Amino acid sequence: MQIPNLKEAGKRTNNQIQFIIDDYEIPDSLKGLGSGKKYFIKTYGCQMNVHDSENIKAILEMMSFEETCVFEEADFILLNTCAIRENAHNKMFGFLGRVKHLKESKPHIITAICGCMAQEENVVDSLMKKYKWVDIVFGTHNIHRLPYILETSMARREQEIEVYSIEGDVIENIPVKRDSKYKAWVNIMFGCDKFCTYCIVPYTRGKQRSRQPEFIVEEVEELVKKGYLEVTLLGQNVNAYGKDLEEKTTMGDLLEKVAKTGIKRVRFMTSHPWDFDDKMIEVISKYDNIMPYVHLPLQSGSNRILKLMGRRYTQEKYLELVDKLKSTIPNLALTTDIIVGFPKETEEDFKETLEVVKRCEYDSAFTFIFSPRVGTPAAKMEDNTSLEEKNRRLQELNDLVNTYANKKNQEYLGSVVKVLIEGTGEKGNLMGYTDTMKLVNVDGDSSNIGKIVDVEITDVKTWSLDGKII
Ligand code: 5AD
Ligand code: SF4
């Protein structure tokens, strides 16, 4: 049993991280452990978690488990959790109620919790006290250990907890079962050292660790060979890529190498305004296969609040960067994340956020009410704004964001854009995304799935476009 420790998780040392580059193998004795059994995974949170679930699926299938989308059919139920805000916690605990119910009628079911919540000391504490029937808890640093953890749990049938509160390693070659045949998530780095005062990620994902560029390029080259058209390079803070490697390199260098593999579309997320350098902007504008789309979290437009958040930039610096991006990258789509109701945020601070939104005219924005996370500095800050007021600010912000989202989409009416057709949408039509990450519902036949096609935009909504293949 290894339980998480918040203090340890927040530590940063100069210790060298381990690069584990061996092929991933499991003993023959574990290869049949899941034979005749089905697994069900529910994934919460960001793309990093989605990709972790793709790794977990491949590991389980190495053990002969078979995937099911029907929760009631499963012999192994795994919740891959998110810790970013309280409502992610609530959703997970809500679903756990359903799992408990099912387990009462089918006691042989094995249940597991992994992901960011599993890294939280207070959560695991409560799983140990109040949810003893949850069989397995493992963290973000030891996904590769799942076969061994499962074996122990199946043999002992006691709660098995294995969570490391360490800075983390880089483990190459974990197998992957990708959800899509056309677009792929590719991790370029793990963890985060920014320690924004509201954020739990540096504790749940560990120290910033970049993958070596040659492994990333090799992975993309393999994807190209398999017919993939799009990669999204993933990290909590991709602009800081390479700073922690012994042989220093930058995100600009990496983007250029990935673009040169010839993959049709390259995306990256998430950016931090602080590390966004000129080389990176230059490379994005130089290569046609690097998509003109940047997600650039603002969080707040007020310098006072940005300082309290530990964001290390000012409103002026942020706007300077946006101006540079817009003037250098033609047809740029810009999106953002904004938090309202941060401790001590006044109406004036909030108004400054609105002003920045007006200046930036975002294509869209993810907006949140501040949610205190146990163990982070902001959770201890005095917060005297009422929930009612926070909700009002959120509403006002959303109204403004929607105005610009709509305005930006209107500009597409009548134009012809390239869309990667990914599959069929809810209404049976085709769906896909433009290079600028606009969702398009497309009239056309299914032979277009998996192709990048020219689409004429015939109608416009706030959050999507309609079009027909020409
Ligand atoms: N409360 C509210 N929003 C948060 N985010 C991160 N931590 C918190 C928190 N404690 C938001 C930020 C980040 C996005 C992924 O989630 O805007 O960019
Ligand atoms: Fe969290 Fe992003 Fe800040 Fe890192 S840079 S601490 S992941 S908000």
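How far is an oxygen atom of ligand 1 from an N or O atom in the side chain of R85? The distance is 2.8 Å. This is a predicted model.

**Ligand 1**
- The residues around ligand 1 are I84, R85, Y198, Q299, D337, I339, F368, I369, F370, S371 and R373.
- By type, this shell holds six nonpolar, two polar and three charged residues.
- Two strands, β15 (333–340) and β16 (364–369), each contribute at least two residues to the shell.
- Backbone atoms also take part in polar contacts with the ligand. A polar backbone atom of S371 is 2.7 Å from a nitrogen atom of ligand 1. For Y198, a polar backbone atom is 3.0 Å from a nitrogen atom of ligand 1.
- Ligand 1 exposes 410 Å² when taken alone, and the protein buries 86% of that.

**Nonpolar cores**
- In soluble globular proteins, nonpolar side chains tend to be buried together.
- Here the largest nonpolar core has 55 residues. L233, M251, L255 and F268 have the most contacts inside it.
- F268 touches T232, L233, V238, M251, L255, M280, I284, I290, Y293 and V294, leaving aside residues up to four places away in sequence.
- A second, separate core has 30 residues, among them F95, I109, M117 and V124.

**T261, a buried loop residue**
- T261 sits in the loop between α9 (251–259) and β13 (265–269).
- T261 counts as buried because its relative accessible area is 16%, under the 20% cut-off.
- A polar atom of the T261 side chain lies 2.6 Å from the backbone oxygen of V258. The T261 side chain also reaches the backbone nitrogen of I263, at 3.4 Å.
- Leaving aside residues up to four places away in sequence, T261 touches V217, V220, E221 and V224.

**E426, an exposed loop residue**
- E426 lies in the loop between β17 (416–424) and β18 (430–434).
- E426 counts as exposed because its relative accessibility is 86%, over the 50% cut-off.
- E426 and M251 are 175 residues apart along the chain, and 37 Å separates their C-alpha atoms.

Methods: Residues are numbered from 1 along each chain as its sequence is written. Chains are lettered from A and ligands numbered from 1 in the order in which they are written. This is a predicted model: local features need pLDDT of at least 70, side-chain atom pairs count only at pLDDT 80 or more; totals for chains, interfaces and linings use all residues. Side-chain values use heavy atoms; hydrogens and water are left out. A nonpolar core is a set of buried Ala, Val, Leu, Ile, Met, Phe, Trp, Tyr and Cys residues joined through side-chain atoms within 4.5 Å. Buried means under 20% relative accessible area, exposed over 50%, partly exposed in between (1.4 Å probe, protein chains only). Contact means heavy atoms within 4.5 Å. A residue is near a molecule or strand if one of its heavy atoms lies within 4 Å of it. A polar contact is a pair of N or O atoms within 3.5 Å; within protein, one must be able to donate a hydrogen and the other to accept it, and residues adjacent in sequence count only if both atoms are side-chain atoms. Accessible areas come from the Shrake-Rupley method with a 1.4 Å probe; for residues, only the protein chains shown count as cover. Helices (H or I, at least four residues) and strands (E, at least two) are DSSP runs, numbered from the N terminus. Ala, Val, Leu, Ile, Met, Phe, Trp, Tyr, Cys and Pro count as nonpolar, Asp, Glu, Lys and Arg as charged, and the others, Gly among them, as polar.
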